[in-house]
Amino acid sequence: MNKKKGRVFSGARPTGRQHLGNYLGAIRNYVALQDDYECIYCIVDLHALTTLEDTSQLREWTYEMALDWLAAGIDPEGRGTILFVQSHVPEVTQLHTLLSMVTPLGRLTRLPTFKEKVRQHPEDVNYGLVGYPVLMAADITLYKADTIPVGVDQTPHLEFTRDIVRRFNQRYGEVLIEPEPEYTDFPKVLGLDGEQKMSKSLGNYIEIAASPDEIEARVMTMVTDPQRRRLSDPGRPEICNVFTLHGYFSAGEVEQIAVDCRHADIGCVQCKKLLAENLAAYFAPFRERRAELADEPGRVWQVLEEGATRASDIASRVMKEVREAVKLP
Ligand code: SF4
């Protein structure tokens, strides 16, 4: 086996069945990174609590998300990736408390993501919401991850973690690792409306586990170029979200689709049918693998449990070093 370049950590909130936005924005990067890095992927259920009041579906969402990730190629068995649930390794909350002692409050309240959350949830600006970047720093540093996959717009978060690590190490000694960014392509995938980001809460998504019929039904509702009112109207593929998705899932056909759209040689219905077919074919092996995994009772939870055991091994060693550095009695 090739020597790995370093240790990657990344986490995502449990949101249940994954959609194309999750796939293009995160999952396919996670799968690819396994070739070069020792990867630790975490379903961050504690982070979800900062904005989630009704937790009744948390377990189901965690299961469905893990099932999708495993079926898509996150590979604990073959490639040694650690996949686990954040709260299953409680040391993260200890480290969060210790890191909070070196975190200036003003730095947290000035973060653009905090301001955005306050705008979204003005009625529930809780303490956890303010401190969630500290919990994120704890996630990364608890596993001594040195490489964090980020899109360019997520750089401020990583900078925050690096700053907290520097402050901690300055006060207590060089214990924690300052992580470096691994810039990856995190495309903003638009939803069926062609305007807003694809998201569960907006209902404008296509699940990657959808059946071919479900895919077609969803694709047929997609908004296209509004200037194409009649079949003979030439289209503008560059502003059409159907065409954007063709770019990811219709390899070898994209250029012809653009030409045909511009010359009105293809109608939007036909173009969408083609996309639906290509999507269904692209995710066929995934659906098969997903069905196999879902058929084995308890398999997904077993993988998550094994992941938590391996993550705990690292976490307890790191916490021992941290406690000694802080001189906790
Ligand atoms: Fe979009 Fe295809 Fe219609 Fe062109 S033909 S506007 S690319 S759906």
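Analyst: Quick ground rule on naming: helices (H or I, at least four residues) and strands (E, at least two) are DSSP runs, numbered from the N terminus. This is a predicted model, where local features need pLDDT of at least 70 and side-chain atom pairs count only at pLDDT 80 or more, while totals for chains, interfaces and linings use all residues. Residues are numbered from 1 along each chain as its sequence is written, and side-chain values use heavy atoms, with hydrogens and water left out.

User: OK, where does Lys 327 sit?

Analyst: Lys 327 belongs to the segment after helix 15 (299-326).

User: And why is Lys 327 called exposed?

Analyst: The cut-offs for relative accessible area are under 20% for buried, over 50% for exposed and partly exposed in between (1.4 Å probe, protein chains only). Lys 327 has 66%, so it counts as exposed. Its phi is positive too, about 65 degrees, although Lys 327 is not a glycine.

User: What makes Ala 264 buried?

Analyst: Its relative accessibility is 19%, so Ala 264 goes down as buried. You'll find Ala 264 in the loop between helix 12 (254-262) and helix 13 (268-282). Ala 264 also has a positive phi, near 55 degrees, in a residue other than glycine.

User: Why are Cys 240 and Cys 271 called buried?

Analyst: Cys 240 is called buried because its relative accessible area is 10%. Cys 271 has 12%, so buried is the word there as well.

User: Which side chain makes a polar contact with the side chain of Lys 144?

Analyst: That of Glu 321, at 2.8 Å. A polar contact is a pair of N or O atoms within 3.5 Å; within protein, one must be able to donate a hydrogen and the other to accept it, and residues adjacent in sequence count only if both atoms are side-chain atoms. The Lys 144 side chain also reaches the backbone oxygen of Val 175, at 3.4 Å. Lys 144 itself is in the loop between helix 8 (127-142) and strand 4 (147-150).

User: What else is Lys 144 in contact with?

Analyst: Contact means heavy atoms within 4.5 Å. Setting aside neighbours within four places in sequence, the partners of Lys 144 are Arg 7, Val 175, Ile 177, Val 318 and Glu 321.

User: And Arg 171: buried or exposed?

Analyst: Arg 171 has a relative accessible area of 52%, so it's exposed. Arg 171 lies in helix 9 (residues 155-172). Apart from neighbours within four places in sequence, Arg 171 touches Met 101 and Val 102.

User: How is the protein divided into domains?

Analyst: There's domain 1 (7-189 + 297-326) and domain 2 (212-282), with bounds from an automatic or database domain assignment.

User: What area is buried between domain 1 and domain 2?

Analyst: About 470 Å², with carbon and sulfur atoms giving 78% of it. Within domain 1, Leu 20, Tyr 23 and Leu 24 lose the most area to domain 2, together 71% of what that side buries. Buried area here is the accessible area (1.4 Å probe) that two parts lose on being put together, summed over both.

User: How many salt bridges cross that interface of domain 1 and domain 2?

Analyst: The rule finds zero. It asks for a side-chain nitrogen of Lys or Arg within 4 Å of a carboxyl oxygen of Asp or Glu. One residue pair across the interface of domain 1 and domain 2 is in polar contact, both at pLDDT 80 or more.
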